[in-house]
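Dear colleague,

Here is the structure that I said I would pass on, and my notes on it follow below. Please read them with the coordinates open.

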Amino acid sequence: MITIKIIPMKKYSTYLASMLGSFLVLSGCGNQDGKSTSNGALASNNAEKVYVAPGEQDEFYAFMSGGYSGNLTVYGLPSGRMFKEIPVFSQFPTSGYGYSEETKPMLNTSFGFIPGDDSHHPDISQTNGELDGRWLFINGNNTPRIARIDLKTFETAEIIEVPNSAGNHSSSYITENTEYVVAGTRFSVPIPQRDMPIKDYKGNFKGSLSFISVDPEDGRMDLKFQLVMPGFNYDLSHPGRGKSHGWFFFTTYNTEEANSLLEVNASQNDKDFIAAVNWKKIEEYIENGGGTLMPTNYAHNVYSDETHSATSTMKKEVLTIDPTKVPGAIYFLPTPKSPHGVDVDPTGSYIIGNGKLSADLTIHSFDNMIAAIEGKKFDGEAYGIPILKFDDILGGIVKSGGLGPLHTEFDGKGFGYTTFFISSEVVKWKVGTWEVIDRKPTYYSVGHGMIPGGNSRKPFGKYFVSMNKITKDRYLPTGPELEHSAQLYDISGDKMELIYDFPTHGEPHYAAAIPASILAPKSQKIYKLSDNEHPNAVKSIPEARVERDGNTVHVYMAMIRSHFTPDNIEGIKVGDKVYFHITNHEQDFDVPHGFMMIGATNSGLLIMPGQTKTTVWEPKQEGVWPFYCTDFCSALHQEMQGYIRVSPANSNIDLSWSVGE
Ligand code: K7E
Ligand code: CUA
């Protein structure tokens, strides 16, 4: 017992000392630089670069993942102004998402109703490798899910659960025609899940890589197949593009297959792997009848803009692929130092491994990889999957001089920008010559960086956003909890220039941005009342009514500036369950109405023009109880209210309702 503990602890402390040592030295000088450069950043020409005058609009939309908020926030660039929080995996009282009867099914999973998650990586749909601005995909990391956001309505349109997965981290990146959105498991687990000793992990746990097809017309997702890979940790992923379209690359760490104190035990191998997956080969294999259907259970939740309601369907099987059965489809690229991000340059020629315990960036060449595969130059295999030789596939090394590279973005002008967590900086380097061009500090400990379109064949290389993990002294203190900090760099010139800081919500691991000129013209303004197919919609005032069915009461209600129809209801009894189905009759942009009922153990609702939403109230006490509109909708907003008379459970007062009487 004792020896087992002592050996790793020794390594552990050496390792920690070396990592912390460099962290303290580098972030220490980063701090001091901070004081001086931040004065430089206040130069008036920099202020002008981010100043969006009152009434003017931003150049880009930036969608920042919400991390542990489970949501997605929308910002303008360069102003850093927040426009909206889009609820995705979490209940959201602001709008009633996840609380209204219509949206509860969106949060259904095989584990039941889950009101929160941890969202990491948004990615915008593409056509021919360019952002098309139709949808945005984002992963739920904890209870493995992928959501699709409709970029016309900026609402969550669909959530698909990913079975046989745990820690859906290498997600939700898309191929260059949005053929697939992928998911990869961070934690390998028994597949199928079963009761077994944890110590038997090695060789028995598996990691799934899931390919989810996206319907080119309506964006609907469908889990096409799942590769059942060796039990490593699959961390991040990126699609090939251009010449490497048809391939997908996934980083792994913990090829040691350790199941305890990974901090030490998963850092033993000098190199882990990037898994290169030829998904077109796998498609062929499936077309020829390959793959095995495995029984499973996962939720597929779809929201309809016509019925304004979501439905949840439980799916019962998944097509699994044994990688050793598809020769030529999967290879391992040895990559030093526990790589975190894997990124592919806009031409698709280079695959960048960001070895997080390293100073250097390993660049694999796609052409070299293909040549090595064709020459069958392998360096052994892992669980039947061929390992290519490091030197054969190497395209170059960026001797960065930084420490702890995590992620790389591209500007479309031939440069890569890599974030370094430990040395708190972003380093600009030249694709092909691998020389370092520029470096700037970040405040502090940057995770991902983001360039609008940086994940596509055509980036818009004007700004770089650094998403930092530590905020410390950047803003006024707000108690122990600080929002994370983003920093905006102007990258239009040779040298990067830090021009702005702004706080972000939750933990934006990654972000995706797109020119406003692509999205803004398509942004929907209202829902047409005439298209409303909600089964409980009140589309004309005479349809407003109240109906009793045993102890259940349905209130079919309409709202328009500045009253509810009906607004007085009598004949409700203690112990009833009252459903309010409320339709907003406005047909003007930006005129929502809200609804809150005293004592309702639920959030309120915010109902958009033309939309119907439902909430439940269970009156517990006799009396006359008000409800009101929560959104200041007109000069007579305070008049937008109503009463419900609640009588004893045994009373015989008839149900009645009225407005204006
Ligand atoms: Cu935070 Cu992409 Cu989840 Cu790196 S990940 S930082
Ligand atoms: Cu409707 Cu305020």
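The lining of the largest pocket divides by class into 18 nonpolar, 11 polar and 9 charged residues, where Ala, Val, Leu, Ile, Met, Phe, Trp, Tyr, Cys and Pro count as nonpolar, Asp, Glu, Lys and Arg as charged, and the others, Gly among them, as polar. Of the 38 residues in that lining, Lys 84, Thr 153, Phe 154, Ser 523 and Phe 589 lie nearest the centre of the pocket, and the elements that contribute two or more residues are β1 (60–65), β3 (82–86) and β9 (155–161), with β3 giving the most, 3 residues. The volume of this pocket is about 1200 Å³.

Some conventions apply throughout. This is a predicted model, in which local features need pLDDT of at least 70 and side-chain atom pairs count only at pLDDT 80 or more, while totals for chains, interfaces and linings use all residues. Residues are numbered from 1 along each chain as its sequence is written, chains are lettered from A and ligands numbered from 1 in the order in which they are written, and side-chain values use heavy atoms, with hydrogens and water left out.

Pockets and cavities come from a 1 Å grid over the protein atoms alone: a cavity is a set of points where a 1.4 Å probe fits but cannot get out, a pocket is an open set with protein on both sides within 12 Å along at least five of seven lines, and lining residues have an atom within 4 Å of a point. Over the whole structure, the search finds 2 cavities of 30 Å³ or more. The largest cavity has a volume of about 60 Å³, and β33 supplies the largest share of its lining, 3 residues. The second largest cavity, of about 30 Å³, has a lining of 2 nonpolar, 4 polar and 3 charged residues.

Ligand 1 is surrounded by His 120, His 121, His 169, Leu 236, His 340, His 407, Gly 447, His 448, Lys 469 and His 509, each being counted when one of its heavy atoms lies within 4 Å of the ligand. By class, that shell has 1 nonpolar, 8 polar and 1 charged residue. Within it, His 448 belongs to strand β29 (residues 446–450), and it counts as buried because its relative accessibility is 5%, buried meaning under 20% relative accessible area with a 1.4 Å probe and protein chains only. The side chains of His 448 and His 121 are joined by a polar contact of 3.2 Å, that is, a pair of N or O atoms within 3.5 Å, one able to donate a hydrogen and the other to accept it.

Best regards

Note on methods. Points joined across faces, edges and corners; volume = space filled by probe spheres on them. Helix = DSSP H or I, 4+ residues; strand = E, 2+ residues; numbered from the N terminus. Buried < 20%, exposed > 50% of the residue type's maximum accessible area, 1.4 Å probe, protein only.
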